[in-house]
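Subject: Structure handover

Hello,

Here is the structure I promised to pass on. My notes on it follow below.

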Amino acid sequence: MKFATALHNAKQVIAVLNEENNSILPLNDAEEKKSGRRPFPDDMIQCIEMGSDFIEGAKEVAIWAKENSDCFVNLEEVQLIAPIPKPKKNIFCVGKNYEEHAIEMGSKDDIPEHVMVFTKAPTTVIGPKETIPLHSDVTEQLDYEGELCVVIGKKGKAIPQDKALEYVFGYTILNDITARDLQTRHKQFFIGKSLDGSGPLGPVIVEKSAIPDPNNLDISTKVNGEVRQSSNTKHFIFPIEEVISVLSAGMTLEPGDLIATGTPAGVGKGYKPARFLRDGDVIEIEVEGIGVLHNTVGKD
């Protein structure tokens, strides 16, 4: 299943995306018609915290709704927002997790030997089709980074690699928008990675059972229809299991935590001359099995 957070009739709802008929199934509304109950929170993190009760409940009502088409709402009548609009923590981000990207940002000497992690502030998150602020007052080097993003499903610490995927709820897409000049000026990642609106997320979270091997997914980024990034997560230096294990070694991971897994080669800074984002640029990031995250860059 593909889970979405949407605005419908001015209310936030948790829904299942139905791509076949270009609609969503608001879970509580459908369950109310089915049983008279509204058992699902209207917040994705709270749904994730329900664990298997949420997954099984959503499956049951989705199967029932197939014979009750009036439960579905056309996508034109709703606004999909970030599936987790307000993360409780900073977003964990893996740096230089593809060799070719590490090289384009420096040289072979920049290929990391250990998992490299930085974070983005929760206030970076915006949803699909929302405008990415150009932030022309603070940066002249705004860049894109298409990434597979892991959504943690249950609390864990000191998670062994062979158990790591058991702690995953699902997968989504993150655009790790970066102000390269701020990154260089401050000699660290946080400020350049944390401008407001610099974390487009979505359009959905795909439940993990639909993606048996997240370390083998095609990923691509287009800017104005031109393919800039094209790779596969099989080229990770550090697979998802290792990333989760390293992060959790002395730090507790919790439901709803987001882990961006790194970006392939082809970022704007990697071109010669560099190709940074400009007003009106359209960015489309596609990850196999998840969908396309679409955003446009606009002036503040």
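**Charges over a ring**

Arginine 275 lies over the face of tyrosine 271, 4.9 Å from the ring centre. Arginine 228 also lies over the face of tyrosine 271, at 5.7 Å from the ring centre. The rule: NZ of Lys or CZ of Arg within 6 Å of the ring centre and within 35 degrees of the ring normal.

**Ground rules**

This is a predicted model: local features need pLDDT of at least 70, side-chain atom pairs count only at pLDDT 80 or more, and totals for chains, interfaces and linings use all residues. Residues are numbered from 1 along each chain as its sequence is written, and side-chain values use heavy atoms, with hydrogens and water left out.

**Aromatic pairs**

Rings of Phe, Tyr and Trp (its six-membered ring) pair if their centres lie within 6.5 Å; planes under 30 degrees apart are stacked, over 60 edge-to-face, the rest tilted. The count comes to 6 aromatic pairs. One of them joins phenylalanine 118 and phenylalanine 189, edge-to-face, with 4.8 Å between centres and 70° between planes. Phenylalanine 118 is in strand S7 (116-120), and phenylalanine 189 is in the loop between helix H5 (180-186) and helix H6 (190-193), so the pair ties together parts 71 residues apart in sequence. Helices (H or I, at least four residues) and strands (E, at least two) are DSSP runs, numbered from the N terminus.

Phenylalanine 118 is buried, at 9% relative accessible area. Phenylalanine 189 is partly exposed, at 22%. Cut-offs: buried is under 20%, exposed over 50%, partly exposed in between (1.4 Å probe, protein chains only).

Phe3, Phe40, Phe54 and Phe169 form one aromatic cluster.

**An open sheet**

Five strands form an open sheet with mixed pairing, in the order S9-S19-S18-S15-S16. Strands S9 (131-133) and S16 (226-232) are the edges, each pairing on one side only. Two strands pair if DSSP finds at least two bridges between them. Strands S18 (282-287) and S19 (291-298) pair antiparallel over 6 bridges. Valine 282 stands opposite threonine 296 in S19.

**Nonpolar cores**

A nonpolar core is a set of buried Ala, Val, Leu, Ile, Met, Phe, Trp, Tyr and Cys residues joined through side-chain atoms within 4.5 Å. The largest has 52 residues; Ile244, Ile259 and Ile290 touch the most other members. Helix H7 (240-247) gives the most to this core, with 4 residues. A second, separate core of 33 residues includes Ile84, Ile91, Cys149 and Leu174.

Best regards
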